[in-house]
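Let's walk through this structure together, one step at a time. Keep the 3D view open beside the text as you read.

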Protein chains: 2
Amino acid sequence: MPSRKETARPMRLGSLAGDVGYALKRAQAVVSADFSASLATLGLRASQFSALVLIDQNPGASQTRVSLALGVEKANFVATIADLERRALVVRSRSVEDARTYRLELTAQGVDLLSRARELQVAHESRLTDSLGAGRHRQLVELLELLSTVA
Amino acid sequence: MPSRKETARPMRLGSLAGDVGYALKRAQAVVSADFSASLATLGLRASQFSALVLIDQNPGASQTRVSLALGVEKANFVATIADLERRALVVRSRSVEDARTYRLELTAQGVDLLSRARELQVAHESRLTDSLGAGRHRQLVELLELLSTVA
DNA sequence: TATTGTTATACTCTATAACTATA
DNA sequence: TATAGTTATAGAGTATAACAATA
């Protein structure tokens with residue numbers, strides 16, 4: 001997104017001001033730009049990072065289970081996993097109970113890269129906490145998670 | 001986004017829980033799905049709706065000024081305006097002060113469609129207020145707008 | 001020299017249908 | 001029949017470079 005330089009004549013936003021959807025999109029753009037730039041130093045995208053976290057936390061889970069938990073279509077998750085496997089960060093092994101599914105696990109390299117990515121995540125969240133204040137930071141996450149579950 | 005059906009075995013989210021970026025992305029998906037489906041009944045996308053609002057609020061503004069205010073590259077805004085003009089919702093006229101720029105304005109049809117879209121927007125926000133509570137709804141918007149400006 | 005609107009291009013994310021192999 | 005993974009495809013959104021017309 002291009003940076004919104006506040007020019008001499010600011011634009012009237014009309015009903016966009018106070019709109020949750022519009023505010024969400026703008027905030028999401030700002031936050032993801034910061035985190036994505038940070039993760040890029042490890043050659044990771046945000047979607048790959050979240051996949052690594054879920055596989056780490058749920059070793060042996062199938063592709064479909066992970067993709068559903070991430071809110072990603074299983075069809076669109078194939079390329080993500082293929083890339084992580086090609087880079088030897090994730091291993092897939094056929095399940096013995098159900099030969100249709102793969103069991104996903106991190107390799108030692110995957111664990112290592114994830115721990116470095118987590119440091120970047122912590123630093124990223126710290127920047128947000130510094131900008132927003134710890135109380136408002138926590139409050140914002142609570143409201144967002146509440147919105148995702150009730151709406 | 002596929003709906004997150006809470007299965008028998010929920011996945012552990014690890015460091016994704018409490019993460020602002022992840023919470024933002026999930027909430028944004030939920031909210032934009034509802035609003036986009038609503039706007040689709042008028043043949044509008046959210047990006048077109050926001051363009052109509054800004055042109056209505058700032059008649060005579062140029063494409064670049066509107067696109068910058070929306071956080072959209074001017075190159076990517078060309079097709080949006082072209083479609084709105086093709087549908088006779090927006091008119092472009094060369095500026096007399098600066099022949100490089102267009103003055104953007106809504107047509108009577110554009111004003112009419114925008115007013116119907118605004119009703120959908122109000123209904124959409126009402127659904128969110130019902131789900132979240134009026135206080136939390138207002139609080140969320142404040143935090144998001146704060147985040148966009150300070151981060 | 002700089003800016004506006006434009007074209008071209010490419011990459012990401014997302015959504016859907018259809019196939020295979022297994023169940 | 002139903003599900004897991006896969007392929008193919010198409011639509012959005014986004015980012016950058018380069019151009020003609022105008023400033």
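A residue is called buried when its relative accessible area is under 20%, exposed when that value is over 50%, and partly exposed in between. With that cut-off in hand, take B:F35: its relative accessible area is 9%, so B:F35 is buried. Please bear in mind throughout that this is a predicted model.

Let's stay with the aromatic rings for a while. A pair of aromatic rings is described by the distance of the centres and the angle of the planes. How many aromatic pairs does the structure hold over all chains? There are 2. One of them joins A:F35 and A:F49 in an edge-to-face arrangement, with 5.5 Å from centre to centre and 85° between the planes.

Now turn to chain B. Here B:F35 and B:F49 form an edge-to-face aromatic pair, with centres 5.5 Å apart and planes at 85°. This pair links distant parts of the chain, B:F35 being in helix α1 (residues 20-40) of chain B and B:F49 in helix α2 (residues 46-57) of chain B, 14 residues apart.

In chain A, A:R92 lies over the face of A:Y102, at 4.2 Å from the ring centre. In chain B, the charged end of B:R92 sits over the ring of B:Y102, 4.2 Å from its centre.

The contact involves 61 residues from chain B and 61 residues from chain A. Together, chain B and chain A bury an area of about 5900 Å², and carbon and sulfur atoms give 66% of that. Which three residues supply more than any others of the area that chain B buries against chain A? They are B:M11, B:R65 and B:L143, which supply 11%.

What about polar links across this interface? The rule finds 0 salt bridges between chain B and chain A, whereas 22 residue pairs are in polar contact there. On the side of chain B that touches chain A, the elements giving two or more residues are α1, α2, α3 (63-70), α5 (108-132) and α6 (134-150) of chain B. The largest share comes from α6(B), with 12 residues.

A:S47 is found in helix α2 of chain A, and at 39% relative accessibility A:S47 counts as partly exposed. A:S47 is 71 residues from A:R118 in sequence, and their C-alpha atoms are 14 Å apart in space. A:D83 is found in helix α4 (residues 74-86) of chain A. At 18% relative accessibility, A:D83 falls under the 20% cut-off and so counts as buried. The side chain of A:D83 makes a polar contact with the side chain of A:Q48, at 2.7 Å.

How values were computed. Residues numbered from 1 in each chain as written. Chains lettered and ligands numbered in written order. Predicted model: local features only at pLDDT ≥ 70, side-chain atom pairs only at ≥ 80, totals over all residues. Heavy atoms only, no water. Phe/Tyr/Trp six-rings, centres within 6.5 Å; stacked < 30°, edge-to-face > 60°. Helix = DSSP H or I, 4+ residues; strand = E, 2+ residues; numbered from the N terminus. Buried < 20%, exposed > 50% of the residue type's maximum accessible area, 1.4 Å probe, protein only. Lys NZ or Arg CZ within 6 Å of the ring centre and 35° of its normal. Contact = heavy atoms within 4.5 Å. Buried area = accessible area lost by both parts, 1.4 Å probe. Salt bridge = Lys/Arg side-chain N within 4 Å of Asp/Glu carboxyl O. Polar contact = N/O pair within 3.5 Å; in protein donor to acceptor, adjacent residues only side chain to side chain.
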